[in-house]
Amino acid sequence: MERRTLMDVAGWEAFLHGVFAIAITLLVLDIHVPPIADAPNASALLDALGAELPHYVAYVLGFMFLGLYWISTHRILRLLRGVDHWFLILGLVFLMVVSVLPFVTALLAEYLGQDQGRDRLALVVFTGWQLILSVLANVVFRYALRGGRLLRPEVAASSLQPFLRVALLGPVIWVAALASAVLLTGTITIILMAVILAVFVREPPAADGEGAVPAE
């Protein structure tokens with residue numbers, strides 16, 4: 001296979017980490033301290049904190065899903081000897097979608113548990129956006145790994161198949177979560193999202209050469 005001229009991974013990795021760090025930090029800004037005027041005593045303060053429960057749930061979901069995407073992309077970058085133009089273009093589209101996650105998470109936090117179909121719509125937007133993100137993540141991963149085009153020489157492409165199979169579960173489960181948001185209840189959708197977290201929080205099989213230090 002012809003070895004193409006590639007750009008250094010480090011610059012792209014620094015940019016990617018910065019975008020993820022900003023996006024994941026923005027999530028907490030949607031959790032607000034109850035104003036003193038609304039909490040004249042401890043009981044009222046406790047009630048005010050309890051009223052923020054949807055925001056806490058949305059924060060945990062948004063933070064964990066963003067964190068898992070960061071872990072996956074970080075692992076993939078450790079396997080690459082460099083990046084090319086089209087990898088960067090695909091990566092920019094992926095990060096554009098990542099950057100919107102604080103918005104869809106805030107939407108979920110605001111409308112979770114509301115009536116007249118508002119919480120359903122918020123769940124549809126949240127799960128639909130996660131579906132788009134998981135599909136894009138698979139596209140970026142598979143572009144980088146297909147035929148070993150960007151892999152370090154010591155990494156066996158065949159050893160990455162278990163990782164790619166696990167990654168492919170993401171879109172499948174998010175389709176189920178989106179269908180649940182449209183057809184079923186918010187509670188079932190939240191449970192499905194918890195299942196997604198349980199699936200992806202496990203460490204995937206290591207690739208051959210993954211633990212090796214990249215050559216300078």
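## Cavity, pocket and core in a predicted model

Ten names line the largest cavity: Trp12, Leu16, Thr73, Ile76, Leu77, Phe87, Gly91, Phe94, Val140 and Phe141. The model is predicted. A search of the whole structure turns up 2 cavities of 30 Å³ or more. The largest cavity holds about 70 Å³ of space. Four helices each give at least two residues to its lining: H1 (9-26), H3 (53-77), H4 (85-111) and H5 (118-145). No charged residue takes part in that lining, which has 8 nonpolar and 2 polar residues.

The largest pocket has a volume of about 350 Å³. Its lining counts 22 residues, and the closest to the pocket centre are Leu68, Tyr69, Ser72, Ala167 and Phe200. H3, H5, H6 and H7 are the elements that supply two or more residues to this lining. By class, the pocket lining splits into 15 nonpolar, 4 polar and 3 charged residues.

The table sets the two spaces side by side.

| Space | Volume | Lining by class |
|---|---|---|
| Largest cavity | about 70 Å³ | 8 nonpolar, 2 polar, no charged residues |
| Largest pocket | about 350 Å³ | 15 nonpolar, 4 polar, 3 charged residues |

In soluble globular proteins, nonpolar side chains tend to be buried together. Here the largest nonpolar core has 55 residues, and Leu80, Phe87, Phe94 and Trp174 touch the most other members. H1, H3, H4, H5, H6 (161-183) and H7 (186-200) each provide at least two residues of this core. H5 gives the most, with 11 residues.

How far apart are the end C-alpha atoms of H4? They are 40 Å apart. The 27 residues of H4, at 1.5 Å a residue, should span 39 Å, so the two values agree. H4 also has a kink of about 35 degrees at Leu101, shortly before the proline Pro102. Just after H4, Gly113 has a positive phi of about 90 degrees.

Is Phe103 buried or exposed? Its relative accessible area is 54%, and exposed means over 50%, so Phe103 counts as exposed. Phe103 and His55 are 48 residues apart in sequence, and their C-alpha atoms are 12 Å apart in space.

How values were computed: Residues numbered from 1 in each chain as written. Predicted model: local features only at pLDDT ≥ 70, side-chain atom pairs only at ≥ 80, totals over all residues. Heavy atoms only, no water. 1 Å grid on protein atoms, 1.4 Å probe; cavity = no way out; pocket = protein on both sides within 12 Å on 5 of 7 lines; lining within 4 Å. Points joined across faces, edges and corners; volume = space filled by probe spheres on them. Nonpolar A, V, L, I, M, F, W, Y, C, P; charged D, E, K, R; others polar. Expected span 1.5 Å × (residues − 1). Bend = angle between axes of the 7 residues up to and from the residue. Core = buried A, V, L, I, M, F, W, Y, C linked by side-chain atoms within 4.5 Å. Buried < 20%, exposed > 50% of the residue type's maximum accessible area, 1.4 Å probe, protein only.
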